[in-house]
Amino acid sequence: MDKVLELSYALDTFYFLMCGALVMWMAAGFTMLEAGLVRAKNTAEILTKNVGLYAVACIMYMLCGYGIMYGDSVNSFIPGISMLGMQDNTAQAVLAGGEDAPYYSNLSDFFFQVVFVATAMSIVSGAVAERMKLWAFLLFAVVMTGFIYPVQGFWKWGGGFLDGAGFLDFAGSGVVHMTGAAAALAGVLLLGARKGKYSKDGRIQAIPGCNLPLATLGTFILWLGWFGFNGGSELKISDVGEANSVALVFVNTNMAATGGLIAALALARVWFGKADLTMALNGALAGLVAITAEPLTPAPLLATAIGGVGGLLVVTSIVMLDKLKIDDPVGAISVHGVVGIWGLLAVVLSNDDASLPAQLLGIAVIFAWVFSISFGTWWAIRKVMGIRVSEQEEFEGVDVGECGLEAYPEFTLGVGRTGTTPAQAAPAYAMRAHPTKS
Amino acid sequence: MKLITIIVNPHKVEDVRRAFTRFGVSGATVTEVKGYGRQRGHSEVYRGAEYSVEFRPKVKIEIGVHDDLCEQVIEAVIDAARTGKIGDGKVFVTELEQAMRIRTGEIGVAAI
């Protein structure tokens, strides 16, 4: 019997770690999606932001985020604060059995949670792409991953008052996705649209992404990672009931993505006259976000429909935000925010324990918290160091301005055109990157 | 001698090359270019927003030919590049004053 308990502990821990690794890989998905949907001259910088934010998120969550979210709290509103330790469960505690016995490693829980924080932060980078200063962004990431995210995470998943109020969010349509989108919205409002996105007479000018194969690869990577995101959030796989649940979560997650993709593709075709691939990609992600709040109780057909509604919403929302001059190059606010809200509301369709008032309360509280604190943080950063690159730098591309290099030096008609190879063009970079130095 | 500048759709480059090679034209300079003609580009939709493609990608081919061959070459090139649709391109003919082959120092017709 001891051996069986130990094995099931090992299996649940292993499952948790593997799901965490899948979610970690979503960082690659966001990175590729964003790299594909920005212009070539801003590619290297968005890559830098993505690797940078991932590292910042992990360090901040270790230092204080995890402690805020899951440590001892003052009450159900005010979390405590502590650093990640290395204590883990003893074999004795595990073998004691019963309801309270731990069934997976503490550190596997940290690993699974930390990659969620990075996901929320990745959402922000896409929305503010092509015009935000690299270091202002990373500074915001410190506050977001160390404080803003963990506090609302504590209110729900850490056993705070939202959890007590009956607010349901299985894997994070609200806690992760809407949170990322609300922070992004606050940033975009203070940042303004990309130069050239709106003409002087107010018309919307499309700015096509530079690499749709990368955007498509990124979407598929996110889709794969989402099985860890939702599947892992079941937290256990080691008995028949749990194993079946995990399988249903996998199936529903996959079906919702397909529903979202088809709905968005079809709507784009009918509305714009052509099958816009980028909308189809956003549609798949919208389906995934929509099902994340409750992938366990819907039947697969309902999951497909929930995803499908997400796909319709995302296309409409992207067009509407464009009209409102909220410039979001990759559609992150629509995919994760608008559809995240839809996902939280859709919980009541299949889960009898859900109530609409509780869902609305959760949406309102999380949005108000994240949006207001993020807005204040962005505002403070803007005061101190500025959040937007200079106009000159924006025209030349933030790759050269912020990173001193280009993603594709031999293809673009950017600064690198003075030489055909990076080596030849290097003096030109240095010159243009620091125009004030002679 | 004449310098013939041919601007065609990228997918027609190989046909055009075959057409003038038949007349013994032994060299050509090919450049990827962008431009517009009477139609002035066209418009597309990206994520719900219309945008105009003002400069279409084309390929510019420059060849030097003997005066006697010029008309036949142009005829063959036009025959190879024409689809009858908008955007087939242009041919410009200019007088070529002198030509030199750098390696051997040959000048005039021998150099083209």
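This is a predicted model: local features need pLDDT of at least 70, side-chain atom pairs count only at pLDDT 80 or more; totals for chains, interfaces and linings use all residues.
We can begin with the open spaces. The largest pocket has a volume of about 1,200 Å³. Its lining is made of 31 residues, and those closest to the centre are Pro208(A), Lys34(B), Tyr51(B), Ser52(B) and Phe55(B). Two or more lining residues come from each of α14 (391-396) of chain A and β2 (29-35), β4 (49-53) and β5 (56-65) of chain B. The top contributor is β4(B), which gives four residues to this lining. Sorted by class, the lining of the largest pocket holds 16 nonpolar, five polar and 10 charged residues.

The second largest pocket has a volume of about 590 Å³. Here 23 residues form the lining, with Gly37(B), Lys58(B), Gly87(B), Asp88(B) and Gly89(B) closest to the centre. The elements giving two or more residues to this lining are β2, β5 and β6 (89-95) of chain B. By class, the second largest pocket is lined by five nonpolar, 10 polar and eight charged residues.

Next come the salt bridges. Side chains of opposite charge can pair when their charged atoms come close. Over all chains, the count is 16 salt bridges. One of them joins Glu45(A) to Lys49(A), with 3.2 Å between the closest N and O atoms. Both residues belong to helix α2 (residues 43-70) of chain A, and because they are four residues apart in this helix, about one helical turn separates them. Glu45(A) is buried, at a relative accessible area of 0%, and Lys49(A) is also buried, at 0%.

The side chains of Asp322(A) and Lys197(A) form a salt bridge, at 3.2 Å from N to O. Asp322(A) sits in helix α11 (residues 300-323) of chain A, while Lys197(A), 125 residues apart from it, lies in the loop between α7 (173-191) and α8 (212-232). With a relative accessible area of 8%, Asp322(A) counts as buried because this value is under 20%. Lys197(A) is buried too, at 6%.

Methods:
Residues are numbered from 1 along each chain as its sequence is written. Chains are lettered from A and ligands numbered from 1 in the order in which they are written. Side-chain values use heavy atoms; hydrogens and water are left out. On a 1 Å grid over the protein atoms alone, a cavity is a set of points where a 1.4 Å probe fits but cannot get out, and a pocket is an open set with protein on both sides within 12 Å along at least five of seven lines; lining residues have an atom within 4 Å of a point. Grid points are joined across faces, edges and corners, and a volume is the space filled by probe spheres set on the points. Ala, Val, Leu, Ile, Met, Phe, Trp, Tyr, Cys and Pro count as nonpolar, Asp, Glu, Lys and Arg as charged, and the others, Gly among them, as polar. A salt bridge is a side-chain nitrogen of Lys or Arg within 4 Å of a carboxyl oxygen of Asp or Glu. Buried means under 20% relative accessible area, exposed over 50%, partly exposed in between (1.4 Å probe, protein chains only).
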